[in-house]
Amino acid sequence: MLFKISIKNIKKSFKDYAIYFFTLILGVSIFYVFNSINSQTIMMDVTERTDEIIRLLEQMLASVSVFVSFILGFLIIYASRFLMKRRNKEFAIYLTLGMSKRKISFLLFLETLLIGLLSLGVGLVLGVFLSQLMSVFVVNLFDADMTKFTFVFSSSACLKCLLYFGIMYLLVMLFNTFSVSKCKLIDLYHASKRSEKLKVKNPFLCIVIFILSVMALSYAYYTVTIGFSNLDTADKIVKPIVLGVVATFFLFFSISGLLLKVIQGMKGIYYKGLNSFIVRQMSSKINTTVFSMTTICLMLFITICVLSSALTIKNSMQNNANALAPADIQLTKSMYVSKAEGYTEEEITDSKVGIRETLVQAGIDLEQDVKDMVEVGIYQTPTLTLRDTLGARFEEVRKQYLFLRYDAKEDIMKVSDYNKIAQLYGLEEFTLKDDEYMVVADFKSMVNVRNMGLLHHEEIEVFGKILSPKYEECKEGFVELSAQHINAGIILVPDEVAREEDLKIDMLVGNYKKSSKQEKIEVEEKLLKKLGNTNIFNNTKIDILNASVGLGALVTFIGLYLGIIFLISSAAILALKELSESSDNKERYRMLRRIGTDEAMIEKALFKQIAIFFFLPLFLAIIHSIFGMLFANKILEIYGNEQLLPSILLTGLFLVFIYGGYFFLTYICSKRIIKDN
Amino acid sequence: METILKVEEIEKYYGHNSSLTKAIDGITFTVDKGEFVAIMGSSGSGKTTLLNCISTIDRVTSGHIYVKETDITKLRGNHLNRFRREELGFIFQDFNLLDTLTAYENIALALSIQGANVKEMDAKIKEVAGQLAILDVLEKYPYQMSGGQKQRVASARAIITEPKLVLADEPTGALDSKAARMLLERFEYLNEKRKATILMVTHDAFTASYATRVIFIKDGKIFNEIFKGNDTRKEFFNKIIDVVTLLGGDLFDAL
């Protein structure tokens with residue numbers, strides 16, 4: 001009997017709460033897809049090193065999954081509590097008919113179980129199919145070749161889904177049982193009689209709160225963008241965040257009070273068509289939903305920022321890796337190390353030997369595999385630090401950039417050495433007069449710092465010679481192969497200035513003679529094995545590409561995973577709220593119809609209401625995100641931000657599809673709910 | 001006299017062949033401009049079905065209903081909605097006011113869904129509110145008003161658009177006797193001063209006695225019809241009671 005009732009209840013609510021089921025199914029399938037990444041790589045031809053990255057990716061996604069399951073858990077508990085509340089009248093009937101609370105709990109238990117099994121089943125099937133699509137994306141991301149297409153099913157991901165969602169549903173069951181055991185019949189009865197009390201807020205107070213929140217938000221925005229340089233320690237970011245959250249809440253709070261007053265003032269608009277009805281509906285709802293509006297706004301904000309930052313990082317990284325690692329291999333050896341730096345006697349002796357000689361000693365004939373080889377040196381002197389290059393500007397710079405290490409020794413290179421590298425890399429070459437120096441750098445913040453000194457023609461002393469800058473700014477350039485713009489600055493000096501005893505690093509850069517990817521990998525593996533016994537460090541293009549692809553994939557997956565989960569959670573909360581509003585307001589729409597309102601007019605009114613509820617938080621979230629992205633951009637500077645636009649467009653696409661999809665689904669379902677039968 | 005409503009041989013059946021219920025079984029009558037007609041009958045007599053058919057909320061099985069020259073049984077969709085908002089005014093037993101709007105806004109809504117000029121609204125609303133003695137509750141919400149006030153606001157909403165016909169479904173059903181008397185006096189006033197044509201369904205003889213004509217319905221047919229003529233309300237009330245007694249007493253225990 002109970003089983004029959006619960007099945008009937010589900011069937012009944014399936015119509016009204018299709019969106020809830022839809023979200024559960026989506027949640028399960030996304031959970032499955034992101035946890036089955038490992039098995040998707042089966043069909044790829046991956047190298048050992050890519051495999052390592054995938055393992056790391058798997059571990060990261062596993063821990064993110066725990067976080068995601070918390071979010072989904074909250075969403076499910078929120079939604080089921082919400083659906084429970086709407087069924088108070090039904091419970092009251094059961095209770096008056098003499099059903100015990102235990103039986104009602106059992107009824108709910110059965111319902112949750114059925115819903116859980118259903119959503120898990122459908123979600124897993126959907127997830128398995130989606131993961132096939134995903135694997136194409138994975139292959140693409142890792143630049144791998146698809147060797148064979150196999151239909152993959154990950155039993156571990158499936159088990160994980162069952163476990164995590166099982167726990168969530170169990171919690172929901174406990175929660176339901178708890179709230180049933182707590183409820184009183186009299187309260188349940190009163191719950192069905194909605195006494196609509198409209199709290200009218202003091203408009204003057206609202207205006208004051210509105211202005212204060214706008215000011216607070218502006219201040220928070222200012223702090224993270226223009227005032228960015230003052231955020232030198234991590235804890236200082238907490239203040240603008242807290243300020244932003246609080247201001248968002250009060251902004252919605254005051255808007256809810258002002259909306260009515262402002263539009264009411266415009267009589268021509270207020271009394272046009274159903275506008276008065278819409279505005280009243282809105283303001284009666286917004287009073288009670290300020291909190292959820294705030295939550296949704298902030299969740300959307302996080303979604304937008306996470307998605308677009310992740311996509312930016314991924315795009316830039318792939319582009320950067322090709323541009324910033326223009327040679328195949330770079331070998332370096334530290335020269336003239338000292339005891340003070342913590343080296344052993346043996347190492348000190350070894351460091352007096354040049355890199356070519358070391359190679360010969362180790363029996364490695366580099367010429368055999370490597371062409372275009374260039375040898376250059378990097379010099380350092382204790383008398384030339386970052387502080388020294390800034391000269392008289394030091395105090396001014398330090399005020400802005402507190403956190404820099406001003407006593408670090410500067411890298412110095414002979415201009416002819418640099419030109420050799422530049423020629424190999426295809427970069428700009430330079431010439432210097434006897435008394436000139438210049439700086440090459442590509443890390444933007446450091447470029448800014450250095451330009452302050454260069455602009456004022458600060459002279460420096462290198463190995464006893466006074467040099468003045470040739471250019472008023474840093475020139476773009478780098479020496480180390482890398483995936484990012486990390487060259488904080490190398491000082492180029494005329495060749496005769498450099499002294500051999502100040503050589504710090506002896507460097508060899510070149511390209512492999514072999515041209516195919518596979519052959520290069522083979523050569524490199526042999527070479528690196530032999531180098532293992534020496535004090536020579538290596539830096540290769542293959543490594544950099546692998547790492548950047550891996551990191552890019554990592555960031556993309558986590559960004560997508562979190563972004564989508566946040567997006568569907570916030571959209572689902574809104575959708576559920578709107579749907580229940582629609583069924584609460586069924587009677588009102590019936591009345592409008594009875595006094596002769598056109599169906600089109602009613603639909604328009606419904607559309608407007610839902611649209612405002614969906615897009616008001618989104619609007620504020622977008623404004624937040626503009627500043628959030630500006631902030632993220634500064635932090636992600638080393639990755640380069642030239643790829644911002646496409647990732648914002650892609651994020652927009654996600655928003656339009658998922659959020660817009662929920663919006664239309666809500667509108668269509670609401671329309672069906674308010675239809676007169 | 002100009003005929004506003006003409007009901008011609010209408011029938012309304014519920015159910016299928018095996019269990020057919022004739023809610024309305026061939027009713028014909030007319031209402032002239034400026035009349036105040038009450039339709040009386042017990043529950044199940046078909047009076048509410050009749051009103052629903054006239055108000056286009058329900059459809060007849062056969063027969064025709066004309067409001068002025070329009071056959072409303074032929075109207076569909078948005079024509080129906082337009083007819084309803086432009087030609088008819090409704091007063092319901094449970095008021096049907098929107099609880100989120102003030103009295104003023106509730107009345108204004110009837111005008112705004114017709115696309116009426118906003119500038120003229122205020123004067124019209126004030127005038128009708130004055131006639132219905134609700135000027136002092138215009139800024140209140142339904143939950144702040146008494147039942148009688150709510151029903152007068154609903155009445156104001158019904159007549160503000162100057163409909164050809166005002167349909168009232170048990171308007172005093174949810175009111176106490178004092179509020180009912182006040183409302184009915186307003187109806188009389190609207191009928192005399194604004195020349196509003198009112199068709200009211202009720203099961204209460206006292207309420208019916210304010211009308212100028214009473215039509216009695218039993219088992220979906222017209223049973224009797226009496227006119228007030230030059231009688232006082234008291235005399236008319238007694239006549240109604242006589243018919244009610246004649247009808248036989250399973251209802252009208254309200255007496």
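Helix axes here are lines fitted to C-alpha atoms over the stretch in contact, and the angle between two axes runs from 0 to 180 degrees between N-to-C directions. In this predicted model, helix H2 (residues 18-35) and helix H20 (residues 541-584), both of chain A, have axes that come within 10 Å. These axes cross at roughly 170°. Angles over 145 degrees count as roughly antiparallel. H2(A) and H20(A) are therefore roughly antiparallel to each other.

Which residues of H2(A) meet H20(A)? They are Ile19(A), Tyr20(A), Thr23(A), Leu26(A), Gly27(A), Ile30(A) and Phe34(A). On the H20(A) side, the partners include Phe557(A), Tyr561(A), Ile564(A), Ala572(A) and Leu579(A). The contact of H2(A) with H20(A) has 14 nonpolar residues, 2 polar residues and no charged residues.

## H6 against H7 in chain A

Helix H6 (residues 101-141) and helix H7 (residues 155-182) also belong to chain A. Their axes come within 9 Å and cross at roughly 155°. That crossing angle makes H6(A) roughly antiparallel to H7(A). The crossing of H6(A) past H7(A) is right-handed.

H6(A) brings Lys101(A), Ile104(A), Ser105(A), Leu108(A), Phe109(A), Thr112(A), Gly116(A), Leu120(A) and Leu124(A) to the contact. H7(A) answers with residues including Cys158(A), Cys161(A), Phe165(A), Tyr169(A), Met173(A), Asn176(A) and Val180(A). By class, the residues of this contact divide into 13 nonpolar, 6 polar and 1 charged.

## Ile241 in H10 of chain A

Ile241(A) sits in helix H10 (residues 238-265) of chain A. Is Ile241(A) buried, exposed or partly exposed? Ile241(A) has 14 C-beta neighbours inside 10 Å, so it counts as partly exposed. A residue needs 20 or more such neighbours to be buried, and 12 or fewer to be exposed.

Ala220(A) is 21 residues away from Ile241(A) in sequence. In space, the two are 7.3 Å apart, C-alpha to C-alpha.

## Chain B as a whole

Chain B contains 8 helices and 10 strands. Its C-alpha trace spans about 55 × 45 × 35 Å along the principal axes. A compact globule of 255 residues would have a radius of gyration near 18 Å, and chain B agrees because its value is 18 Å.

Of the 255 residues in chain B, 46% are buried. Take the contacts in chain B with a separation of 6 or more: residues 24 or more positions apart account for 71% of them.

## H1 of chain B

Helix H1 (residues 47-54) of chain B is largely enclosed by the rest of the structure, because 7 of its 8 residues are buried. The buried residues in H1(B) are Lys47(B), Thr48(B), Thr49(B), Leu50(B), Leu51(B), Cys53(B) and Ile54(B). Thr56(B) follows H1(B). The phi of Thr56(B) is positive, near 65°.

## Where chain A meets chain B

How many residues does each chain give to the contact? Chain A gives 23 residues and chain B gives 21 residues. Four helices of chain A each supply at least two residues of the side that touches chain B: H11 (267-270), H12 (275-324), H21 (586-594) and H22 (599-635). H12(A) gives the most to this side, with 5 residues.

The side of chain A that touches chain B has 7 nonpolar, 8 polar and 8 charged residues. The contact of H2(A) with H20(A), by comparison, has no charged residues.

Methods. Residues numbered from 1 in each chain as written. Chains lettered and ligands numbered in written order. Predicted model: local features only at pLDDT ≥ 70, side-chain atom pairs only at ≥ 80, totals over all residues. Parallel < 35°, antiparallel > 145°, perpendicular 65-115°, else oblique. Left-handed = near helix turned anticlockwise from the far one by under 90°. Contact = placed C-beta atoms within 7 Å. Nonpolar A, V, L, I, M, F, W, Y, C, P; charged D, E, K, R; others polar. Rg over C-alpha atoms; globule rule 2.2 N^0.38 Å.
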